[in-house]
Amino acid sequence: MLDLKFIRENPEIVKQNIKNKFQDAKLPLVDEVIALDEENRKAKQQADALRANRNKVSKTIGKFMAQGKKEEAEAAKKLVTENSEALAALEAKCAELEEKIKKILMTIPNIIDPSVPIGKDDSENVEVQRYGDPVVPDFEIPYHSEIMETFNGLDLDSARRVAGNGFYYLMGDIARLHSAVISYARDFMIDRGFTYCIPPYMIRANVVTGVMSFAEMDAMMYKIEGEDLYLIGTSEHSMIGKFIDQILDEKKLPYTLTSYSPCFRKEKGAHGIEERGVYRIHQFEKQEMIVVCKPEDSMMWFEKLWQNTVDLFRSLDIPVRTLECCSGDLADLKVKSIDVEAWSPRQKKYFEVGSCSNLGDAQARRLKIRVNGADGKKYLAHTLNNTVVAPPRMLIAFLENNLNADGSVNVPAALRPYMGGKEKLIPKQ
RNA sequence: GGAGAAGUCGCCUAGUUGGUCGAGGGCGCACGAUUGGAAAUCGUGUAACCGGUAAAACGGUUCGAGAGUUCGAAUCUCUCCUUCUCCGCCA
């Protein structure tokens, strides 16, 4: 969501940005919203003048009443009543215009960072750097669900009976591995100075619309029947929502938080729950990191954030690469985004395990997250978020990269304290 | 879930027979005076948002949120949210 004033003053920048994102259908919205704003401001001025008049006359009524001058008071009352219809009409007009303006503002994409590569869709995302050798072993790597099954670690059949497609039971060593990864990731981030946080797993509609676009909301969020509550799709939602309607003290910035939560997603849309196994599912768990900072610091934090994920995966002997999201693939709220992808020796390609985003002031504007500056001026904060680790998808990368020819799985040193000291997991079948 | 009480400008608080209350006092904070410096003291200032302006002036909106009654609402009515107390239920 952009500042209306910014659009008014820089319509060409906004239009070029829309073109850069290959959303040309939205181009007319820019002039449309500027015209609506013009009209709204005029109507508002008229309404304000009428209100000013009403307030003035009302005050004289008070005085007349106090002095016992009933007739004068009655005459003044009539004066006010005459204007009330015109005022009501203007108020209705303003409300309608503002509704339209807001709808358009929610649709116009955020201005992307100049460094974002221009491209139509995810096929034009740009690899930035690889970390670790993408090794292909000389034995065949089974599909991840099959690896899990050799440990009696996955029960999709029961999950389908109980909750349907897109859910899972993790069992035994695999379930323990899942918890270990989350715990390790939590401590990893705490060691890097982040504050650990467990947030609400359900949030209200006004927070939902503050942190994501309508399109995302429809495709992702589960609503609780009969309540104004949605299951979070990621703890980012409740973590950024934590700051709703707050004026933050500049001295306390930045807020660097790492949060754990289960995540619930409808995954409605192109892909659906097509993939076998636990790659794309309705429920998973995630260790997340978020930052709320001064605008001038957000790019510095962006670089630090994705680096954390790379470091974590490297500490678990998983090769990764960073992939920069091109303009067309970037969600409307985002200024810049980088995916961290893990190497899959089975598929011989990288796949997404994390996503780091700089939202600029877009979420802050929607949620009214402001900062009280040293000079007493208030400004909008910048918000960022990034995945630390999100199992069970992450376990796919873990199992494939740490699998031995005999079917056992190495436990990297960093993870052993969380796995009862085990160096290796031995298959049951 | 039931019964009661309450939500005012960063914090505490005054204000509930509707008008001179966008709102008094205290604390805090900022600036100034005093001081060798500090404390103390005294003085001044101190909400947000929108419109407007070169900047002001000025106008509007906001006393938890929303709706209503009224010429006019912090004050009256309704709905919701939050907090506290008691009861019920429950990890």
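Analyst: Let's start with one definition: two strands count as paired if DSSP finds at least two bridges between them. In this predicted model, β9 and β10 run antiparallel and are joined by 10 bridges.

User: Nice! Which residue stands opposite Leu257 there?

Analyst: That is Ile290, which belongs to β10.

User: And how does β10 pair with β16?

Analyst: Those two pair in the antiparallel sense as well, over 7 bridges. One place to look is Val292, which has Thr383 of β16 opposite it.

User: Why is β10 described as largely enclosed?

Analyst: Because 8 of the 11 residues of β10 are buried, the rest of the structure largely encloses it.

User: What order do the strands of the sheet follow?

Analyst: The order is β1-β11-β12-β13-β16-β10-β9-β4, which makes an open sheet of 8 strands with mixed pairing. At the edges are β1 (126–131) and β4 (195–197), each of which pairs on one side only. On average, neighbouring strands are turned by 25 degrees against each other, if you ignore direction.

User: How many bridges join β12 to β13?

Analyst: There are 9, and the two strands, residues 336–344 and 349–358, run antiparallel. Within that pairing, Glu341 has Glu352 of β13 as its bridge partner.

User: Which strands does helix α7 touch?

Analyst: Helix α7 (residues 172–191) packs on the sheet and touches β4, β9 (255–264), β10 (283–293) and β16 (382–389). The direction of α7 makes about 10 degrees with that of β10.

User: And where does α13 lie?

Analyst: Helix α13, residues 393–402, lies across β10, β12, β13 and β16. It runs at about 40 degrees to β12.

User: Is α13 mostly covered or mostly exposed?

Analyst: Mostly covered, with 9 of its 10 residues buried. Among them are Met394, Leu395, Ile396 and Phe398, and also Arg393 and Glu400.

User: Let's zoom out. How many helices and strands does chain A have?

Analyst: Chain A has 13 helices and 18 strands. Its C-alpha trace spans about 100 × 45 × 45 Å along the principal axes, and 39% of its 429 residues are buried.

User: What domains does the assignment give?

Analyst: Domain 1 covers 4–107 and domain 2 covers 122–425. Their centres, taken over C-alpha atoms, are 43 Å apart. The contact between the domains takes 4 residues from domain 1 and 5 residues from domain 2. On the domain 1 side, those residues are 2 nonpolar, 1 polar and 1 charged.

User: One more topic, the RNA. Which residues come nearest to RNA strand B?

Analyst: Of the 18 residues around RNA strand B, the nearest are Arg51, Ala52, Ser58, Gly62 and Val80.

User: Which helix gives the most to that surface near RNA strand B?

Analyst: That's α3, with 14 residues.

User: Last one! What share of the contacts in chain A join residues at least 24 apart?

Analyst: Counting contacts between residues at least 6 apart in sequence, 72% join residues at least 24 apart.

Definitions and conventions: Residues are numbered from 1 along each chain as its sequence is written. Chains are lettered from A and ligands numbered from 1 in the order in which they are written. This is a predicted model: local features need pLDDT of at least 70, side-chain atom pairs count only at pLDDT 80 or more; totals for chains, interfaces and linings use all residues. Domain bounds come from an automatic or database domain assignment. Two residues are in contact if their C-beta atoms, placed from the backbone, lie within 7 Å. Ala, Val, Leu, Ile, Met, Phe, Trp, Tyr, Cys and Pro count as nonpolar, Asp, Glu, Lys and Arg as charged, and the others, Gly among them, as polar. Helices (H or I, at least four residues) and strands (E, at least two) are DSSP runs, numbered from the N terminus. Axes are lines fitted to C-alpha atoms, for helices over the stretch in contact, and angles run from 0 to 180 degrees between N-to-C directions. A residue is buried if 20 or more other C-beta atoms lie within 10 Å of its own, exposed if 12 or fewer, and partly exposed in between; C-beta atoms are placed from the backbone. A residue is near a molecule or strand if its C-beta atom, placed from the backbone, lies within 6 Å of it.
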